[in-house]
Every structure is written in C-alpha cells, then in structure tokens.
Amino acid sequence: MKPTERIETERLLLRKPQADDADEIFRRYASDPEVTRYLSWPTHRRLEQTQAFLQWSEEDWERWPAGSYLIFERGAGHRLLGGTGIAFQTPALAVTGYVFARDAWGQGFATEALEAMVKLARSCGVKRLVAVCHPDHRPSARVLEKCGFLLDPDRRDPFEFPNLKPKKRWNALTYVRNL
Ligand SMILES: CC(C)(COP(=O)(O)OP(=O)(O)OC[C@H]1O[C@@H](n2cnc3c(N)ncnc32)[C@H](O)[C@@H]1OP(=O)(O)O)[C@@H](O)C(=O)NCCC(=O)NCCS
C-alpha cells in the first residue's frame, strides 16, 4: 500500500478507489446528469462505465505516486460524497478535478478536498497543478480561486464537454496553481 492511498482532512476521508466501489459511485454521482453536466467524462448510463473507470484508476495508481480518490464524510455513516484526484501528465505536471453528489454541494467540501489535492501534489513533487473549468461554471471557478489557482489568461483551449448539448467546443478556462 502506498502512503498516499489514504488522506484525512478535518471533515473528509479520501482513499484510493477499489473494484467493489462501482455500485456506490454509479448511484451517488456518476449517473446523475445534473452532477456530470460540466464534467470532462460522459454521464454513466451503465455500471460497466464505472467499472471501466475503476480499472483505469487502478492502472494509473500502479504507474504514479498517487491517482484518483473517493471522498467520504468522516465519522458515523461514512457517506460517499464524491471523487477527486491528481492525474499525472509528467512527474512535475498534474491535472486535478472534483465531483460531488448533489446532497453534498454548498458545504465547503470541494474546497476542503481541493486543498488536500494541492498538498498531496506538492508532497509528490508536482510543480504545476492544472484544472479545466467550463466558462459558465461559477461555483467550480470559485472553488479553484479559493484554493489559490489563477486563471491562465493566455489559454482558452477549445474543449468538448461531452454532456452539453448541442455538441460543440467551448473555450474552457484553464486554472493553474504553481507549487
Ligand atoms: C462545483 C462543485 C464541485 C462545488 O462544490 P461545493 O462543495 O459546493 O463547493 P464549496 O462549498 O467548497 O464552494 C463553492 C463556492 O462557490 C460559490 N458559489 C456557488 N454558486 C455560485 C454561483 N452561481 N456563482 C458564484 N459563486 C457561487 C459558493 O458561495 C462557494 O464560495 P464561498 O465559500 O466563497 O461562499 C459541486 O457543485 C459539484 O460537484 N458539481 C458537479 C461536478 C462539477 O461540476 N465539478 C467541477 C467540474 S470543473
């Protein structure tokens, strides 16, 4: 087991996903069109899509010092709240993101989880942590700003958000945190 596989914050427990988490991930957030609207991956329609994500996650963890995480509420109940992680592009550059079940919004959980990802990335030797955000997604931009990410004004990369209709490319905002 890698020391990074489990992280605790004041209110959250973040841990590496495992194969038998598929049902709960699917049910809590991955199949919810409202939750996944602005995400870079398509809303899961079948459990196999969640299982494929878990397979990818396992391989990513084998290759790098950290990877994706599930986010649980600490203490009694141990409710699954969402997911986050750092995806290494190179040893010094990683991409982060987050997703929360609807009943977990508006309680500061995303900010708390992202702060944990910043700390983790730094401890793993990452020098530049990047997040991509849809231009209309104010809550997510706010979370990034609260965690010290700065908008890269020179980058407005065309990005296809798979759950938005009509299908088109949006000029996504790129936020960067240098570590
Ligand atoms: C976006 C998301 C992660 C936010 O999670 P959260 O736990 O509610 O975020 P937090 O409570 O930590 O912070 C949200 C901030 O946005 C602010 N906010 C909420 N709605 C807003 C709006 N319409 N305009 C501007 N700010 C807004 C909140 O007031 C809060 O800021 P504050 O602490 O300064 O008051 C959550 O809504 C989510 O999971 N959405 C679906 C998945 C997703 O879109 N992920 C991001 C992809 S880039």
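Trainee: To start, how many helices and strands does the protein chain have?
Mentor: The protein chain has 5 helices and 10 strands. Bear in mind that the model is predicted.

Trainee: And why is the chain called as compact as a globular protein of its length?
Mentor: Its radius of gyration is 15 Å, close to the 16 Å that the globule rule gives for 179 residues, so the chain is as compact as a globular protein of that length. The C-alpha trace spans about 40 × 35 × 30 Å along the principal axes.

Trainee: What percentage of the residues is buried?
Mentor: Buried residues make up 34% of the 179 in the protein chain. As for contacts with a separation of 6 or more, 63% of them are between residues 24 or more positions apart.

Trainee: Now the sheet. What is the strand order?
Mentor: The order is β1-β2-β3-β4-β5-β6-β10-β7, in an open sheet of 8 strands with mixed pairing.

Trainee: Which strands stand at the edges?
Mentor: Those are β1 (6-8) and β7 (150-151). Each has a single partner strand, so one side of each is left without a neighbour in the sheet.

Trainee: How does β1 pair with β2, parallel or antiparallel?
Mentor: The pairing of β1 with β2 (residues 12-15) is antiparallel, over 3 bridges. The two strands form a hairpin with 3 residues between them. Within this pair, Glu 8 stands opposite Leu 13, and Ile 7 stands opposite Leu 14.

Trainee: What joins β2 to β3?
Mentor: There are 4 bridges between β2 and β3, and these strands run antiparallel. In one of them, Leu 12 has Glu 73 of β3 as its bridge partner.

Trainee: Moving to helix α1, which of its residues are buried?
Mentor: In α1 (residues 22-30), the buried residues are Ala 22, Ile 25, Phe 26, Arg 28, Tyr 29 and Ala 30.

Trainee: Let us turn to the ligand. Which residues are closest to it?
Mentor: Of the 21 residues that surround the ligand, the closest are Phe 100, Ala 110, Thr 111, Arg 138 and Arg 142. The elements giving two or more residues to this shell are β5, α4 (109-123) and α5 (138-146).

Trainee: Which element gives the most to the shell?
Mentor: That is α5, with 5 residues.

Trainee: And what is the shell made of, by class?
Mentor: By class, it has 12 nonpolar, 7 polar and 2 charged residues.

Trainee: Where does His 78 lie?
Mentor: His 78 lies in the loop between β3 (68-73) and β4. Its phi is near 50 degrees, a positive value in a residue other than glycine.

Trainee: Is His 78 buried or exposed?
Mentor: His 78 is exposed, because there are 9 other C-beta atoms within 10 Å, and a count of 12 or fewer qualifies as exposed.

Trainee: Last topic, Arg 169. Which residues is it in contact with, leaving aside neighbours within four places in sequence?
Mentor: Arg 169 is in contact with Pro 158, Phe 159 and Glu 160. The C-alpha atoms of Arg 169 and Pro 158 are separated by 5.3 Å, although the two residues are 11 apart along the chain.

Trainee: Which strand holds Arg 169, and why does Arg 169 count as exposed?
Mentor: Arg 169 lies in β9 (residues 169-171). Arg 169 counts as exposed because there are 10 C-beta neighbours inside 10 Å.

Conventions: Residues numbered from 1 in each chain as written. Predicted model: local features only at pLDDT ≥ 70, side-chain atom pairs only at ≥ 80, totals over all residues. Buried ≥ 20, exposed ≤ 12 C-beta atoms within 10 Å, placed from the backbone. Contact = placed C-beta atoms within 7 Å. Near = placed C-beta within 6 Å. Nonpolar A, V, L, I, M, F, W, Y, C, P; charged D, E, K, R; others polar. Rg over C-alpha atoms; globule rule 2.2 N^0.38 Å. Pairing = 2+ DSSP bridges.
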